[in-house]
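Subject: Structure for you to look at, with notes

Dear colleague,

I am passing on the structure we spoke about, together with my notes on it. Please read them with the model open beside you.

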Amino acid sequence: MTVEVFDKNNNSVINETHTLERKSDLVKRRPFGVRFRGGNVEYTFKVTMDKQITNTTKVEIPNRKTTVVIYLYAELGKTVLYKPESGETIPILIETRQSM
């Protein structure tokens with residue numbers, strides 16, 4: 001899986017490749033420059049899986065408590081529990097979450 005993140009000026013902020021085992025998770029802290037920016041900041045996340053499937057999503061990060069979550073092969077109603085739809089599988093799903 002390759003994760004590329006671009007700022008509002010289309011400058012690359014992150015460009016990393018990760019190899020994940022089946023049913024594994026990856027947790028990464030934000031880079032220093034991204035972690036301490038204040039206010040609403042919009043980023044474009046481009047995630048490519050198996051060099052074939054790509055999802056590009058604009059994400060607004062309103063504060064430091066916002067986390068971006070990337071699901072691979074998310075099954076709505078199971079993997080992503082808070083979605084009302086169920087049964088559909090999405091290869092790459094990019095969402096944000098607020099922590100307390």
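Predicted model: local features only at pLDDT ≥ 70, side-chain atom pairs only at ≥ 80, totals over all residues.

What pLDDT does the protein average, and what percentage of the residues score at least 70? The average is 80, and 78% of the residues reach a score of at least 70, where pLDDT is the predictor's confidence in each residue on a scale from 0 to 100.

Residues are numbered from 1 along each chain as its sequence is written, and side-chain values use heavy atoms, with hydrogens and water left out.

The sheet

Four strands make up an open sheet, ordered β2-β1-β3-β4 and paired antiparallel; two strands count as paired if DSSP finds at least two bridges between them. Because β2 (12-17) and β4 (53-61) stand at the edges and have a single partner strand each, one side of each is left without a neighbour in the sheet. From one strand to the next, the twist averages 15°, the axes being lines fitted to C-alpha atoms, for helices over the stretch in contact, with angles from 0 to 180 degrees between N-to-C directions. Strand β1 (residues 2-6) runs antiparallel to β2 and is joined to β2 by five bridges, and within this pairing E4 has N15 of β2 as its bridge partner.

The salt bridges

Searching the whole structure gives two salt bridges, defined as a side-chain nitrogen of Lys or Arg within 4 Å of a carboxyl oxygen of Asp or Glu. In one of them, K46 pairs with E4, with the closest N and O atoms 4.0 Å apart, and this links distant parts of the chain, since K46 belongs to strand β3 and E4 to strand β1, 42 residues apart. E4 is buried at 17% relative accessibility, whereas K46 is partly exposed at 31%; buried means under 20% relative accessible area, exposed over 50%, and partly exposed in between (1.4 Å probe, protein chains only). A salt bridge also joins the side chains of K58 and E42 (4.0 Å, N to O); K58 lies in strand β4 and E42 in strand β3, so parts that are 16 residues apart in sequence are tied together. Here K58 is exposed, at 59%, and E42 is partly exposed, at 36%.

The core

The largest nonpolar core has 13 residues, of which V5, Y43, F45, V47 and I94 touch the most other members; such a core is a set of buried Ala, Val, Leu, Ile, Met, Phe, Trp, Tyr and Cys residues joined through side-chain atoms within 4.5 Å. Two or more residues come from each of β1, β3 (41-49), β4 and β6 (89-98), and β3 gives the most, with five. Leaving aside residues up to four places away in sequence, V5 touches N11, S12, V13, I14, Y43, T44 and F45, contact meaning heavy atoms within 4.5 Å.

A loop residue

L20 lies in the loop between β2 and α1 (32-35) and is partly exposed, at 30% relative accessibility. With residues up to four places away in sequence again not counted, L20 touches M1, D25, L26 and L72. The C-alpha atoms of L20 and M1 are 7.5 Å apart, although 19 residues separate the two along the chain.

With best wishes
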